[in-house]
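Here is a colleague's note to read alongside the structure. Please keep the model open and look up each residue as it is named.

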Amino acid sequence: MKSVSFFLSMVVFAGISSTTLSADVASGQKWYTKGCKSCHGNGTKGAAMHTQDEWDELFADGGAGMIKKHAGTPAEPYFNSDNFKSKSKDIRDFLFEYGSDSGNVPAC
């Protein structure tokens, strides 16, 4: 009985931990609207620029693909900043959630 109780408490702990450690789609939408909308259009248009797999690839290795993609543009300083590094997981989650192959449509 102790092992079942222990197992259930570990499952609950893992569920809570994964929720609190994950990035936030709503926060990513806020940051997209604030920083990306002027260049890439509303969230629907911007997120649909790539599939979910492509968004994963662009944000891999600390957003290396996004940094490279924006090199030589007016946005380059932002993508090389600590601000991007701190917000990139949220922005990635927003773009991934509404990628062109997701079937989801953002409300922005």
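**Notes on a predicted model**

1. Aspartate 93, at 17% relative accessibility, counts as buried, where buried means under 20% relative accessible area, exposed over 50% and partly exposed in between (1.4 Å probe, protein chains only). Aspartate 93 has its place in helix 7, helices being DSSP runs (H or I, at least four residues) numbered from the N terminus. Neighbours within four places in sequence aside, aspartate 93 is in contact with Ala23, Asp24 and Val25, contact meaning heavy atoms within 4.5 Å.

2. A word on the basis of these notes: this is a predicted model, in which local features need pLDDT of at least 70 and side-chain atom pairs count only at pLDDT 80 or more, while totals for chains, interfaces and linings use all residues. Residues are numbered from 1 along each chain as its sequence is written, and side-chain values use heavy atoms, with hydrogens and water left out.

3. Aspartate 61 lies in helix 5 and has a positive phi of about 55 degrees, although it is not a glycine. Is aspartate 61 buried or exposed? With a relative accessible area of 74%, aspartate 61 is exposed.

4. In helix 2 (residues 25-35), the buried residues are Ser27, Gly28, Gln29, Trp31 and Tyr32, and these pack against helix 3 (37-40), helix 4 (43-47) and helix 7 (82-97).

5. Leucine 95, leaving aside its neighbours within four places in sequence, is in contact with Tyr32, Gly46, Ala47, Trp55 and Phe59.

6. Which residues line the largest pocket? Among them are Trp31, Lys34, His40, His70, Tyr78 and Ile91, and helix 2 provides the largest share of the lining, three residues. A pocket is an open set of points on a 1 Å grid over the protein atoms alone, where a 1.4 Å probe fits, with protein on both sides within 12 Å along at least five of seven lines; lining residues have an atom within 4 Å of a point.

Terms used
Helices (H or I, at least four residues) and strands (E, at least two) are DSSP runs, numbered from the N terminus.
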